[in-house]
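Thanks, everyone. I'll take one interface and then one residue that sits in it.

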Amino acid sequence: MLDVQDLGIRFGGLDAVKDVTASIPTGQITAIIGPNGAGKSTFFNLISGFYQPTSGSIRFAGEDITRLKTHEVVSRGIARTFQTTTIYRELSVLENAMIGHRVRTRAGLLDALLRTGRERQDVQGSRDGAIQALTRVGLAAQAHLPAGALTQEGQKRVGIAMALSSDPKLLLLDEPAAGMNPEETVNLMALIRELVAGGLTVALVEHKMSLVMGLADRIVVLHHGQKIAQGTPAQVSRDPAVIEAYLGSHAHGGQMGQTTPADLTLDKGGAHA
Amino acid sequence: MTIVLQQLFNALALGGVYALVALGLTLVYGVMRVPNFAHGGLYMLGAYLTYASLDRLGVGYVPALIIAALGVALLAALLERLIFYPLRDAPHVHPMIAAIGVLFFLEALISHPSVFGPDFKQIAEPLPGILNLGGVTLTWQRLLIIVASLLVMWGLNFFLKRTLTGATIEAMSQNREGARMVGINTNRVGMLTFAISGALAAVAAALVAPINAVTPAMGEVMNLKVFAIIILGGMGSVPGAIVGAFLLAFTEVFGGFYISLDFADLIGFTMLVIVLAIRPQGLFQRGT
Amino acid sequence: MNVNGAKRGKGLSVGRVIWPALFILAALVPLFSPSGYALDIGVNIMIWAMLAYGLNVMLGFTGLLPLAHAGFFGIGAYTVGILTLKVGWSFWLAWPVAVALCALVGLLLGLVAFRTKGDAFSIFTLGVGVIIMLVINKWDALTGGNDGLNGVMPPAGLEAFSKALGLKLSSGFYLLALVSLAVTVLVVARARYSTFGLSLIAIRGGEDLARSAGINVFTHKLRAMMLSTAIAGFAGGLYAVFVGFLGAAVTGPTTTFTVLLYLLVGGLGTLAGPLVGTAIIYSLTQTLKGLEDYQYIVFGPMLVLLVMFAPHGLAGLWARLRARLSARRAAPPAQTPDQTPDQSPDQSPDQTKEVNRA
């Protein structure tokens with residue numbers, strides 16, 4: 001579905017992502033993991049058109065999308081969520097989802113001023129699309145609450161609904177389980193499985209190894225902006241380069257006082273596998 | 001040729017004044033991310049404090065300049081405490097609007113008949129007379145402006161590069177979050193930066209006051225120009241502010257000379273629009 | 001106003017009754033033969049409110065603060081003045097041309113200005129506003145320069161129309177302004193409560209988020225800018241024939257800031273805010289006669305206090321009051337999903353902060 005070739009970006013002389021070649025296969029769940037600062041989020045930002053790569057190319061469903069702007073990428077069928085619960089907290093849940101549907105509507109300012117048929121059609125279309133997306137994430141009943149009034153988990157779902165209502169083929173989830181308790185994480189995993197069963201392709205960046213190992217069909221491991229391994233969870237967790245990277249960065253991270261539980265969980269996961 | 005030289009000196013003096021005012025503005029923006037629209041008001045107030053010290057207190061020019069600098073610095077620090085610090089987390093248009101309120105308040109207050117009144121005031125030149133350099137005439141006051149502004153800029157540079165407090169300001173203008181993490185008291189630095197910016201504006205005003213008339217509207221005009229300068233130079237950039245200041249001064253002086261004095265202001269702003277149309281991030285791009 | 005334990009979402013339908021009622025009532029005012037002075041104040045309030053509506057489209061809906069609006073007001077006014085006085089056009093032709101010109105200049109400004117971000121955008125547009133004022137002030141041959149443009153005539157037929165109704169010309173102007181204001185409110189309301197308008201609100205809440213949600217931020221901002229400057233020109237054109245004399249001063253930043261104050265007092269991003277704020281502050285200015293030239297001794301601190309303590313203006317206070325009232329009435333009834341969501345207009349807007357910080 002998505003293929004990146006020698007993808008790279010430099011920020012002020014530093015390679016944030018370098019020479020990454022990877023693919024996200026259709027209908028599967030691909031996890032992108034790596035120690036802190038490995039360039040995972042940057043990788044997502046490159047795919048979704050937030051950053052323009054300094055080298056390499058991105059192809060989606062056979063089309064070169066390397067230079068497209070973010071909204072053009074979304075209209076091709078790639079939607080994303082953010083690490084934090086980045087949604088419109090002051091708007092209603094439904095409005096959030098309707099905003100996500102905007103890319104599928106065409107009515108502009110003139111349509112609005114003249115209340116044209118297209119405008120009316122688009123209003124109805126956004127509402128239907130939004131409701132459908134909310135139903136998929138199980139929020140249809142809360143459609144009229146202000147999004148900010150929902151729980152942390154609910155807000156995450158709003159973010160996913162916003163992405164879903166753009167009718168994507170590929171969904172990019174940036175740390176979807178951050179800040180969730182184990183029970184919520186399990187619910188989220190069920191939701192993601194459901195979406196994939198419904199025909200969606202999912203790629204996610206995640207620190208929680210329980211989620212990654214339990215969910216991903218394939219894993220891509222980044223380290224210092226470069227891909228060091230790729231394969232099934234079982235393959236990756238046995239890969240010496242991966243273990244080395246996590247242990248190395250763990251030791252290093254320890255010095256910086258930035259040890260994350262995630263690093264430790266991979267060690268465990270690796271031992272189990 | 002002598003005429004060109006003559007204009008060159010005029011442009012240097014004007015550029016020096018612009019630079020002092022713009023430096024304060026860019027420092028405040030760099031450290032606080034506040035586009036301080038009240039800055040022109042502080043500049044205007046500096047001129048009036050100089051005038052009042054000379055006229056009402058009867059002190060000399062240098063003490064008057066110092067009184068103005070200290071007075072405006074104090075007020076600027078107060079503004080930071082009372083308005084801009086509490087608004088630090090508000091949407092970014094809020095501090096901007098508050099600053100506009102302060103600017104118009106200062107202007108209205110000064111022009112009220114029971115304060116200074118709307119009419120212009122004049123300050124006698126502390127060093128009257130003209131210097132003749134091979135046909136190029138230069139008033140002592142202009143020379144004083146050039147020398148003093150260069151000295152202040154040098155002093156500021158020394159302060160930013162060589163002292164701990166100065167380095168802190170620089171660090172914060174580079175990276176506010178980073179500065180907080182390494183334990184810099186960002187709280188106090190903001191106030192200090194405001195005070196410095198006020199003092200710089202007041203010194204500039206005191207230097208230029210004997211040449212130009214002192215009016216309540218002088219701040220509004222200067223405001224637009226220094227904002228033009230710091231967007232030109234890149235908001236928050238210190239070298240950018242200096243280069244932008246002299247660039248605007250030269251454009252105005254030579255543009256006014258070769259085209260029409262009437263259009264000097266227009267030329268300056270038009271340059272700004274053109275430069276930004278080509279380089280929206282300003283001449284000196286600055287990492288965010 | 002809070003009828004039958006109102007569900008959220010009744011806002012616009014209530015508005016659909018209240019706005020027309022308000023305009024019809026206001027249209028009846030000339031029948032009670034008020035003084036010309038009172039009518040003139042009414043016209044002034046309506047003209048400045050229209051400008052505030054224009055600014056609201058940018059600041060209130062899109063979250064961007066452009067500071068050239070008085071300049072566009074001036075372009076509208078001078079276009080009408082010049083076309084009627086020097087070219088001999090009818091006002092009824094010159095007015096739409098002025099509006100179109102403002103939209104076009106707004107488009108050109110947007111193409112350049114939206115390349116800058118955040119604060120630089122405001123300062124850049126302020127510079128453009130000053131350029132517009134300076135050009136008007138210096139271009140003697142076209143604009144009359146410092147002397148201004150004198151003797152812009154009332155619209156053709158307005159006097160005859162007033163006479164036919166048995167009213168004076170001042171009443172005719174009042175009714176013209178009222179219709180213009182009604183058109184403005186309708187246009188702004190339609191723009192706001194549409195898929196287009198919701199996208200502007202999304203941009204206000206966070207440009208990056210809007211972008212990643214698939215909104216073409218640049219073209220939406222451009223259109224908002226054009227609508228906003230067109231409304232400013234619409235107000236300016238009316239001002240030209242109403243006042244009859246045009247000077248460059250009114251096209252300067254001070255006017256923009258004053259209208260900004262109106263907007264802030266009334267409440268950013270709301271439909272009623274611009275009118276309410278303008279009516280209150282403009283009337284207040286009339287009572288501060290002695291302070292006329294020094295009104296900012298009062299207004300300056302008012303701006304500061306507003307953004308510090310009541311950034312949503314009166315509309316925000318009203319929304320808070322209403323929320324408290326409806327919170328007191330038991331739990332909200334279950335809501336059906338087909339209920340129109342974007343039609344709860346005045347729930348305190350501009351709460352952009354949360355998203356920005358997130």
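A salt bridge here is a side-chain nitrogen of Lys or Arg within 4 Å of a carboxyl oxygen of Asp or Glu. By that rule, the interface of chain B and chain C has 0 salt bridges. Bear in mind that this is a predicted model.

The rule for polar contacts finds 1 residue pair across the interface of chain B and chain C, with both residues at pLDDT 80 or more. On the chain B side, the elements that give two or more residues are helix 3 (61-84), helix 4 (93-111), helix 9 (218-233) and helix 11 (264-278) of chain B. Helix 4 of chain B has the largest share, 13 residues. By class, that side of chain B has 33 nonpolar, 6 polar and 5 charged residues.

Now the area. Chain B and chain C bury about 3,600 Å² between them, and 80% of that is on carbon and sulfur atoms. B:His94, B:Ile97 and B:Phe104 supply 16% of the area chain B buries against chain C, more than any other three residues. In residues, the contact takes 44 from chain B and 39 from chain C.

Is C:Tyr296 buried or exposed? C:Tyr296 has a relative accessible area of 7%, and the cut-off for buried is under 20%, so C:Tyr296 counts as buried. Its contacts include B:Phe104, B:Phe105 and B:Ala108 from chain B, and C:Thr254, C:Phe257 and C:Thr258 from chain C. With C:Thr258 there is also a side-chain to side-chain polar contact at 3.0 Å.

Terms used:
Residues numbered from 1 in each chain as written. Chains lettered and ligands numbered in written order. Predicted model: local features only at pLDDT ≥ 70, side-chain atom pairs only at ≥ 80, totals over all residues. Heavy atoms only, no water. Buried < 20%, exposed > 50% of the residue type's maximum accessible area, 1.4 Å probe, protein only. Contact = heavy atoms within 4.5 Å. Polar contact = N/O pair within 3.5 Å; in protein donor to acceptor, adjacent residues only side chain to side chain. Buried area = accessible area lost by both parts, 1.4 Å probe. Helix = DSSP H or I, 4+ residues; strand = E, 2+ residues; numbered from the N terminus. Nonpolar A, V, L, I, M, F, W, Y, C, P; charged D, E, K, R; others polar. Lists of a residue's contacts leave out its neighbours within four places in sequence.
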